[in-house]
Amino acid sequence: MMAWKVYRRRVWMVFSALIVIVMIVLCSACQKKTTPSVTHPTSLTQSHVDILTPESSNDIDPNAPLNTWDNVTHSIVEQMQSQGFSKNNISRSMSSNLSEQVKKLKKIVSNVSTYTEKNSHILLFSPALDEDSPRSAAIRHRYGDLVTSTATIADNSDDDNTDIPDTLVEQLRKAQKAGITVVLMGQKIPNFAENYYVSFSTAQSIARIQTENLVKKLQLNKATAQNPQAIEMLLPMNVGKEFNEHAFAASWKILKPYFVTGVAYSPSGLLDAHTTAQDWRNVAVSDDSESSISDALQARLSSSQNTNAHIDGIIAFNDYAAHHVIRALKNMGYTGSSATINPDITLESIVKTLAGDADVNKQRVPMPTSPEDEETDITGRDKSSATKKTSLTWPIITSFGVYINDVPHIITGKLWTSSMEDRADISESVALLCAQIAQGRTGARLERSIPNVRSTTLTTALFAVSADNLKKTLIDTSYITPADAGL
């Protein structure tokens with residue numbers, strides 16, 4: 001009997017031990033299931049990325065475009081780390097000229113040739129253009145670091161270093177032979193075939209986004225020849241002939257059909273149905289100083305009765321010019337804001353319409369008139385153009401750059417929209433492109449992974465900022481603080 005009790009006790013102890021073991025195993029399995037570890041492909045953690053760009057301009061200047069090389073490349077590095085690239089394998093460097101960039105490139109190429117293990121290596125490169133060139137400096141200072149300049153590296157060698165462009169091309173080719181994938185950003189390089197190209201803003205894209213938003217806000221597709229819309233353009237010459245030619249051609253391609261049908265006109269007569277893309281000088285201004293902009297507007301909007309003409313829209317092209325446009329219009333007696341012009345047409349509604357999410361079928365808001373012009377004719381038709389021109393109501397003004405100093409003008413509606421490169425889109429897209437390259441994906445397989453890649457070109461987005469989306473686009477994204485906006 002005693003033996004049976006001892007045996008039963010031992011069986012129970014073994015059984016209890018087995019239960020404990022099973023519970024430990026199950027708990028361990030549960031823990032692993034609820035806290036999965038995130039792993040990245042070995043090809044990403046071992047890949048090297050070098051980012052060589054020009055020096056960042058105007059980082060602390062509130063009267064300059066918001067995007068700079070410093071904040072954009074910083075954002076790219078952050079996105080690369082989230083993709084799985086090792087922080088220790090990412091380098092970021094800025095140079096004031098091509099000579100410095102060539103020296104850094106030589107060092108990169110010499111180092112990669114000594115690697116014992118050939119891991120993937122990517123170079124993100126944008127050439128430094130000569131800041132001593134008035135044209136290059138003006139384009140960069142007015143439109144930002146990322147804009148594609150009409151100058152080339154061939155225009156940017158001083159007398160003592162005329163061979164620098166050729167040396168740069170030679171080093172880039174050596175980099176490719178060493179196994180480095182070369183991704184050019186913002187600027188092409190003559191006589192060099194890059195592996196990939198990242199397109200930022202151009203004169204054409206800057207003009208298009210402004211003109212399209214102006215057309216939609218003014219509802220030119222609903223305007224009539226009996227109620228035409230008055231539009232002017234200002235092209236400051238300090239950014240150079242070629243940049244202005246491209247900007248005007250892109251803008252005029254959108255506007256010309258409305259001038260041909262008579263639903264749009266320019267009070268100055270500088271634009272009409274017979275204007276061509278080659279007539280860009282008609283709307284050019286010597287520079288974008290306050291006096292030049294003010295004199296140009298006074299000349300264009302003055303009438304024979306010593307009064308100012310009615311104006312519905314002005315394309316200023318950049319915030320610097322727009323700032324002086326706003327000041328000149330105030331001095332000339334124009335009042336109100338863009339909020340009074342087709343108030344149902346907001347930037348958000350335009351975006352939804354373009355995406356097919358909404359239909360903007362609104363009636364035009366009646367043109368404001370002075371008390372003595374209240375009556376209509378016996379047919380009930382619109383007021384005469386002479387009556388409309390007596391009303392100095394505020395026009396739609398569009399520009400580019402999103403200068404912090406001019407954000408308050410967006411909030412008050414004096415500036416309908418300013419535009420800029422989408423920094424978040426750029427950093428995500430560039431990091432994803434590098435991740436695909438590091439994993440050996442090319443061609444159609446890479447294109448399927450990144451929707452905005454066609455062939456070997458990655459196109460990044462621009463977006464417009466107005467009073468109705470400023471919080472969402474600038475403050476919620478931490479591009480600026482409420483204090484920057486004057487809130």
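What follows is a set of questions and answers about a predicted model.

Visitor: What is the protein made of, in helices and strands?

Guide: The predicted protein has 16 helices and 15 strands. Of its 487 residues, 48% are buried. Among contacts with a separation of 6 or more, 74% are between residues 24 or more positions apart.

Visitor: What makes β2 and β13 edge strands?
Guide: The open sheet has 7 strands in the order β2-β1-β3-β4-β5-β14-β13, with mixed pairing. β2 (90-95) and β13 (453-454) each have a single partner strand, so one side of each has no neighbour in the sheet.

Visitor: How do you know that β13 pairs with β14?
Guide: Pairing takes at least two bridges between the strands. There are 2 bridges between β13 and β14 (residues 457-459), so the two count as paired, and they run antiparallel. V453 stands opposite L458 in β14.

Visitor: Which helices lie across strands of this sheet?
Guide: Helix α6 (residues 164-177) lies across β3 (121-125) and β4 (180-185), at about 135° to β4. Helix α14 (residues 423-438) lies across β3, β4, β5 (196-199) and β14, and runs at about 150° to β3.

Visitor: How do you know that the length of α4 agrees with what a helix should span?
Guide: Helix α4 covers residues 98-112, which is 15 residues. The expected span takes 1.5 Å times one less than the number of residues, so α4 should span 21 Å. Its end C-alpha atoms are 21 Å apart, and therefore the two values agree.

Visitor: What puts the buried residues of α4 on the same side?
Guide: The buried residues are L98, Q101, V102, L105, I108, V109 and V112. They cover an arc of only 125° around the axis, so they lie on the same side of α4. K103 and K107 are exposed on the other side. The buried residues of α4 pack against β1 (48-54), β2, β3, α6 and β4.

Visitor: Which residues touch the most other members of the largest nonpolar core?
Guide: That core has 40 residues, and those touching the most other members are Y143, I231, M233, F243, F248, L255 and F317. Two or more residues come from each of α5 (134-143), α7 (203-218), β6 (229-233), α8 (241-260) and β15 (462-465). The most come from α8, with 9 residues. Another core lies apart from this one; it has 34 residues, among them A321, M420, F463 and Y479. In soluble globular proteins, nonpolar side chains tend to be buried together.

Visitor: What is F243 in contact with, leaving aside neighbours within four places in sequence?
Guide: F243 is in contact with I139, Y143, V147, T148, T150, A203 and I206.

Visitor: Why is F317 called buried?
Guide: Buried means under 20% relative accessible area. F317 has 0%, so F317 is buried. F317 lies in the loop between β10 (313-315) and α10 (319-331). Its phi is near 75°, a positive value in a residue other than glycine. Most residues other than glycine have a negative phi.

Visitor: Is S455 buried or exposed?
Guide: Exposed means over 50% relative accessible area. S455 has 52%, so S455 is exposed. S455 lies in the loop between β13 and β14. The phi of S455 is near 60°, which is also a positive value in a residue other than glycine.

Visitor: Why does S419 count as buried?
Guide: The cut-off is under 20% relative accessible area. At 0%, S419 falls under that value and so counts as buried. S419 is in strand β12 (residues 418-421). Not counting residues up to four places away in sequence, S419 touches I209, S399, F400, G401, V402, F463 and A464.

Visitor: Why does P228 count as buried?
Guide: P228 has 18% relative accessibility, which is under 20%, so P228 counts as buried. P228 is in the loop between α7 and β6.

Visitor: Which residues does P228 contact, leaving aside neighbours within four places in sequence?
Guide: P228 is in contact with G262, V263, A264, Y265 and D312. P228 and A264 are 36 residues apart along the chain, and their C-alpha atoms are separated by 5.0 Å.

Terms used: Residues numbered from 1 in each chain as written. Predicted model: local features only at pLDDT ≥ 70, side-chain atom pairs only at ≥ 80, totals over all residues. Heavy atoms only, no water. Helix = DSSP H or I, 4+ residues; strand = E, 2+ residues; numbered from the N terminus. Contact = heavy atoms within 4.5 Å. Axes fitted to C-alpha atoms, helices over the stretch in contact; angles between N-to-C directions. Core = buried A, V, L, I, M, F, W, Y, C linked by side-chain atoms within 4.5 Å. Buried < 20%, exposed > 50% of the residue type's maximum accessible area, 1.4 Å probe, protein only. Arc of directions from axis to C-beta.
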